[in-house]
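Open the viewer and get ready to select residues. The tour starts with the whole chain, then moves in.

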Amino acid sequence: MKYLLGCCQKIVDVDNKPKWCLKCARHDIDVVEYNEDTMLPCPFCGGKAQAEALETIGLYWYECDDCGGASGSGKDWVEAKAKWNKRI
């Protein structure tokens with residue numbers, strides 16, 4: 001099972017839900033199950049991704065609500081989401 005660690009936004013693949021982070025040395029961290037449908041938080045500020053589009057020319061991307069950080073654009077929402085989650 002994969003989990004997203006709330007402290008450092010790292011994705012780990014482990015058998016049991018983590019309770020602490022080796023990277024940050026924090027205990028009792030927020031942990032969320034991670035799968036293909038999970039939208040990762042902003043890599044810069046931890047904010048929530050907001051969908052943006054220019055549908056007339058077929059550009060789709062995600063932007064952070066808080067800091068304005070953006071992913072690369074894609075030809076559809078699936079590609080835009082993949083770019084946001086891979087930080088491309």
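Buried means under 20% relative accessible area, exposed over 50%, and partly exposed in between (1.4 Å probe, protein chains only). By that rule, 31% of the 88 residues of the chain are buried. This is a predicted model: local features need pLDDT of at least 70, side-chain atom pairs count only at pLDDT 80 or more, and totals for chains, interfaces and linings use all residues. Residues are numbered from 1 along each chain as its sequence is written, and side-chain values use heavy atoms, leaving out hydrogens and water.

**Whole chain.** Colour by secondary structure. Helices (H or I, at least four residues) and strands (E, at least two) are DSSP runs, numbered from the N terminus. There are seven strands and one helix, in the order β-β-β-β-β-β-β-α from the N terminus.

Select β6 (49-54) and β7 (59-64): they pair antiparallel over six bridges. Strands pair if DSSP finds at least two bridges between them. Four residues separate β6 and β7 in this hairpin, and Gly58 in the turn has a positive phi of about 70°. Ala53 stands opposite Tyr60 in β7.

**Lys81.** Now go to helix α1 (residues 77-86), where Lys81 is found. What does its side chain reach at 2.8 Å? The backbone oxygen of Asp37. Show contacts (heavy atoms within 4.5 Å). Beyond neighbours within four places in sequence, Lys81 touches Glu36, Asp37, Thr38, Met39 and Tyr62.

**Rings.** Finish on Tyr60, Tyr62 and Trp77, which ring pairs link into a cluster.

Notes
Rings of Phe, Tyr and Trp (its six-membered ring) pair if their centres lie within 6.5 Å; planes under 30 degrees apart count as stacked, over 60 as edge-to-face and the rest as tilted. A polar contact is a pair of N or O atoms within 3.5 Å; within protein, one must be able to donate a hydrogen and the other to accept it, and residues adjacent in sequence count only if both atoms are side-chain atoms.
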